[in-house]
Structures are given as C-alpha cells and as structure tokens.
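I opened my notebook and wanted to see how this chain is put together. My entries follow.

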Amino acid sequence: MASWVSRTTLAASAKTHLLVPRRHHRLEDATVRVNFLERRSPVSPLSLLASHSHYLPIEIESRSSRTAAVRHLVGSVTNTQGLRFALVVSRFNEIVTRQLLEGALTTLKNYSVQEEDIDVVWVPGSFEIGLVATQLGKSARYNAIICIGAVIRGDTTHYDAVANSAASGVLSAGLNSGVPCIFGVLTCEDMDQALNRAGGKSGNKGSEAALIAIEMASLFEHHLK
C-alpha cells in the first residue's frame with residue numbers, strides 16, 4: 001500500500017487535513033489531489049485519517065508561530081569597568097592632534113575609564129598609525145585602539161597617498177588583530193577645517209572616536225568574546 005501524508009488545504013481558512021500520496025509534494029496540485037481522493041473514496045478525508053493508523057499527520061505551522069524572539073546586541077557606554085584603551089597619536093600637525101587627544105582623554109575619563117587603563121603611544125605621522133595599532137591589538141592588552149591623526153591637503157598628491165594609507169591601515173589593524181580600531185584621523189582641505197573639528201565649532205572628533213571606542217569595546221567584551 002502506498003504511504004500517505006497529511007497536508008493542509010491552501011484554499012481552506014481553517015486547518016483541514018488531506019490524505020495525499022507521499023510521492024506528491026507540490027502544494028499547488030492540492031485541488032487536483034482532493035478531487036482524486038473524493039472519486040476514489042466515498043468517505044471524507046478526515047474519516048480516512050481517523051480509520052487508518054498507518055497515516056502520518058503533518059501540520060503546516062504558521063510562519064509567525066515559528067519566529068523566535070530577535071536579540072539585539074548593543075555595546076554599553078555606562079559600564080566601562082575593567083576596559084583598557086590605547087591611543088595612537090600622530091605628532092605631525094600636533095597643533096591639531098593634541099587637541100583631538102585631549103578630547104578623547106576627557107571623554108574616556110567622563111565615562112569612568114581609569115587613568116591606569118589608558119596608554120598613549122606617539123608616532124611620527126598618520127602613515128605609521130596602522131602598524132602600531134596592529135601590534136597593540138595583537139598584544140591582547142587592550143579592548144579598543146583609538147587612532148588619532150590629521151592629514152591636511154597640500155599642493156601635491158601626497159595628501160591622497162597618506163589619507164588612503166591611514167584609513168586602510170586602521171581598518172587592517174582591526175581586522176588582523178580582532179580588536180576594534182577606531183578611525184579618528186582628520187582628512188581636511190585646510191588648517192581651519194582641521195581646527196574646527198578639533199574642539200572648534202564642529203566639535204571634537206577625538207571625543208567622538210573615544211565614545212565609539214567605549215561602545216565597541218563593551219560590545220566585544222560582553223557579547224562577541
């Protein structure tokens with residue numbers, strides 16, 4: 001005897017079981033199979049189901065009933081206990097980078113990061129930031145690395161080379177070390193733009209980088225470890 005399974009009629013508004021040969025799997029042929037069963041048997045499909053113990057009932061669950069609760073993983077900026085940070089700072093354009101550094105340090109302290117959990121490493125320029133950030137990340141001593149620099153356009157294409165290298169270097173540092181490396185390098189057209197973003201009318205990008213570092217460090221420490 002052919003094996004049978006139970007399927008739900010697509011056209012019915014309530015759950016109605018049909019007895020269909022297991023070899024038929026496509027639901028779009030349900031109406032044809034219903035007519036086929038009705039011609040072969042004078043009893044209803046439900047009666048057949050009750051009288052044949054070797055039939056296997058299968059219910060099609062609604063999509064909503066199978067949906068699990070969605071989890072949202074978010075880093076915290078209020079729980080910084082035990083988190084350690086390193087800041088890699090370019091000496092080039094120090095009039096700008098020192099202001100960015102001060103903004104970052106102030107933000108870290110305002111969010112209860114202890115001074116003994118903060119290390120500052122100075123490098124010659126923004127080009128060298130990526131290499132040092134990679135080594136700091138691989139040391140497993142820090143939860144996040146904040147990369148601070150300032151690249152200002154000049155009369156040559158040197159600006160493009162340094163800006164692109166700094167961005168790709170910071171990205172590679174995070175990917176290679178598995179530690180969040182935050183891009184806090186300004187790439188500006190002139191000195192006025194840079195100063196405006198280092199505590200001027202456009203805020204302090206060093207402070208913003210520090211806040212991102214806290215959130216990312218928390219996310220990795222508490223959810224992605």
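How many bridges join S5 to S6, and do they run parallel or antiparallel? I looked up the pair and found eight bridges, with the two strands running parallel.

Entry: The protein chain averages a pLDDT of 82. I also saw that 70% of the residues score at least 70. Then I looked at residues 1–39, where the pLDDT is below 50. Beyond near neighbours in sequence, that stretch has 58 contacts in the model. Where pLDDT is low, predicted coordinates should not be read in detail. I moved on to other parts of the chain.

**Entry: the sheet.** I traced the strands next. Four of them form an open sheet in the order S4-S3-S5-S6, with parallel pairing. S4 and S6 are the edge strands, each pairing on one side only. From one strand to the next, the twist averages 15 degrees.

I then went back to S5 and S6. Ile148 stands opposite Gly184 in S6. Gly149 has Val185 as its bridge partner in S6. I followed the chain between the two strands as well. S5, helix H6 (residues 158–177) and S6 make a right-handed β-α-β unit.

Is S6 mostly covered or mostly open? I checked its eight residues, and six of them are buried.

**Entry: helices on the sheet.** Which strands does H4 lie across? I listed S3, S4, S5 and S6. H4 runs at about 155 degrees to S5. H8 also packs on the sheet, and I found it touching S3, S5 and S6. The direction of H8 makes about 160 degrees with that of S6.

**Entry: the cores.** I looked for nonpolar cores. The largest has 26 residues. Those with the most contacts inside it are Phe85, Leu87, Val96, Leu108, Ile146, Ile148 and Leu186. I checked which elements supply this core. Strand S3 (85–90), helix H4 (94–110), strand S5 (144–152), strand S6 (181–188) and helix H8 (205–222) each give at least two residues. H4 gives the most, with six residues.

**Entry: Val96.** Val96 is found in helix H4. Why does Val96 count as buried? Its relative accessibility is 0%, so it falls under the 20% cut-off. I listed what it touches, leaving out residues up to four places away in sequence. Val96 is in contact with Ala150, Leu186, Met191, Ala194, Leu195 and Ala198. I also took one distance. Val96 and Val151 are 55 residues apart in sequence, and 9.8 Å apart in space, C-alpha to C-alpha.

**Entry: Asp117.** Where is Asp117 placed? I found it in the loop between H4 and strand S4 (118–123). Is Asp117 buried or exposed? Its relative accessible area is 16%, under the 20% cut-off, so Asp117 is buried. I then looked up its contacts, leaving aside neighbours within four places in sequence. Asp117 is in contact with Leu83, Arg84 and Phe85. I had already met Phe85 in the largest nonpolar core.

Technical notes
Residues numbered from 1 in each chain as written. Predicted model: local features only at pLDDT ≥ 70, side-chain atom pairs only at ≥ 80, totals over all residues. Heavy atoms only, no water. pLDDT = per-residue confidence, 0-100. Contact = heavy atoms within 4.5 Å. Core = buried A, V, L, I, M, F, W, Y, C linked by side-chain atoms within 4.5 Å. Buried < 20%, exposed > 50% of the residue type's maximum accessible area, 1.4 Å probe, protein only. Helix = DSSP H or I, 4+ residues; strand = E, 2+ residues; numbered from the N terminus. Pairing = 2+ DSSP bridges. Right-handed = clockwise from strand over helix to strand, strands pointing away. Axes fitted to C-alpha atoms, helices over the stretch in contact; angles between N-to-C directions.
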